[in-house]
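Hi there,

Here is the structure I promised to send over. Have a look at it first, and my notes follow below.

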Amino acid sequence: MTFRLRKNISRNIFIIIFLFPALAGFCLFAVYPMLKGMYTSLYNWSGVTSAMKFIGLRNYTDLIGDPYVLKAFKNEFLVIFWKVILIILTALFFALALTRLKLNSREQSFYRVIFFFPNILSVIIITNIWSFVYHPTIGILNTGLEAIGLQRFWHAWLGEPETVLGALIPVTCWAGVGLFMIIFIAAIKGIPEELFESTIIDGANEWQQLIRIIIPMIWEQIKFSVITIIISTFGTTSVFVIAMTQGGPDNASQVVGSYIYELNFNQYRAGYATALGVVLFLVVLIITGITNKLMNKEIDV
């Protein structure tokens, strides 16, 4: 056995030994639950007893005719659409303001902390704050509308089917802007200053610098942020819904995650809920893949 071959074998053994704990953890906490969920979705199971009846793909066929599933996915996609637009634009705006404006280091640090602060708050605190904002009688929003003579726009924001989803979207956006603002700030600061100086010599204004330099140079961070928002929305929106509206009124704010919770813990249809979870997993994979494909392109500076 040559020295090179022994060295390669030793290196591979070393890599395997140090990767094994991470691989074992991934299999235990990700792969196994996923396979277990696929297995459970083939059964009629309440989730509170050991009695399980094999029904094959019936749970999946029942999902097709369930109007609440369609409504939950529709609401989920609507939340994702607005979250991507609002969070990316807001985070980019604040990142540009904190990097391109002439602020000293103390001012920059202060505003970064202020904008990032919602990211470190728990969901319970966030939902309590916004529930007070939306309170129909003593809430800040309705009180503010009254103060400026716009009482006709009063609503029970979380209690009306027409307004509840629109009221939830700002809450989820507010809780996520700070993280992506920090990502964009780091990306913008990595752009060589010479690029800006050359465009200024060519007579480019701030808007042209944004289009020709900043966006192309931070495109990978934008793509990462969009995909992260999509994936996290499927996992976290349900927490806000459960805490603030429980999916109501009349299922108007129901999203997929909150409907899974409803099926599992209120209706005791764990097998059916698991089938919906498997479908959700596949939908996330497909949407993430499509988004990555659409945004995976070179942008010339």
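Buried means under 20% relative accessible area, exposed means over 50%, and partly exposed lies in between (1.4 Å probe, protein chains only). Cys27 therefore counts as partly exposed, at 35% relative accessibility, whereas Cys173, at 6%, counts as buried. Searching the whole structure for disulfides (cysteine sulfur atoms within 2.5 Å of each other) gave zero.

A word on the source: this is a predicted model, where local features need pLDDT of at least 70 and side-chain atom pairs count only at pLDDT 80 or more, while totals for chains, interfaces and linings use all residues. Residues are numbered from 1 along each chain as its sequence is written, and side-chain values use heavy atoms, leaving out hydrogens and water.

Now to the domains. The domain assignment, which is automatic or from a database, gives domain 1 (2-40) and domain 2 (68-300). Their centres, taken over C-alpha atoms, are 35 Å apart. Four residues of domain 1 contact four of domain 2, with contact meaning heavy atoms within 4.5 Å. Between them, the salt bridge count is zero, a salt bridge being a side-chain nitrogen of Lys or Arg within 4 Å of a carboxyl oxygen of Asp or Glu.
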